[in-house]
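Please look over the chain below before reading the numbered points. They go from the overall make-up to single features.

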Amino acid sequence: MATFNLKNLALSDTTVVHLKNADDSYLYADEAQKEPLEVEVYGRSSKQMRNYLISAEKKKAKRGKRVATPEEAQEDNAEFFAAITKSVRNFDLGNGPLTTSEHFKQMYMDPSLYFIVDQISETLG
């Protein structure tokens with residue numbers, strides 16, 4: 001009897017999101033379209049995602065029954081996406097490379113860049 005190794009379908013720890021413009025066209029840093037604007041994020045099977053979810057639950061428990069303010073909710077959301085971002089490729093925000101969790105959080109806090117959050121959310125499902 002043949003068996004199938006289910007581990008062959010195991011999720012990868014990271015996935016790369018090639019960012020798109022509002023018209024659904026892919027974004028590139030160069031005219032030749034060889035340098036895609038990308039965000040590499042940790043997925044559901046990763047240690048980074050699990051660790052963030054554990055810390056978020058602890059933070060939520062500390063709040064108790066108090067509902068997060070809109071500002072706290074926005075910051076929590078930005079912290080989540082910063083925690084699961086491994087790297088960004090071929091773009092910055094005009095003030096140098098984005099290399100730290102704090103840089104990523106600043107990017108995710110910017111309402112004009114919410115399309116990045118939307119595309120990552122769509123990719124992660």
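1. Helices (H or I, at least four residues) and strands (E, at least two) are DSSP runs, numbered from the N terminus. By that count the chain has 4 helices and 3 strands, in the order β-β-α-α-β-α-α along the sequence.

2. This is a predicted model, in which local features need pLDDT of at least 70, side-chain atom pairs count only at pLDDT 80 or more, and totals for chains, interfaces and linings use all residues. Residues are numbered from 1 along each chain as its sequence is written, and side-chain values use heavy atoms, with hydrogens and water left out.

3. The C-alpha trace spans about 60 × 55 × 25 Å along its principal axes. Of the 125 residues in the chain, 30% are buried (buried means under 20% relative accessible area, exposed over 50%, partly exposed in between, with a 1.4 Å probe and protein chains only).

4. Two packed helices are described by the angle between their axes and the distance between the axes. Here axes are lines fitted to C-alpha atoms, for helices over the stretch in contact, and angles run from 0 to 180 degrees between N-to-C directions.

5. Helix H2 (residues 70-83) packs against helix H3 (residues 101-109) at about 130°, with the axes 8 Å apart. H2 is therefore oblique to H3 (under 35 degrees is roughly parallel, over 145 roughly antiparallel, 65 to 115 roughly perpendicular, the rest oblique).

6. H2 and helix H4 (residues 114-124) cross at roughly 60°, and their axes come within 12 Å. This makes H2 oblique to H4.

7. Where is Leucine 6? Leucine 6 lies in the segment before strand S1 (14-18) and is exposed, with a relative accessible area of 63%.
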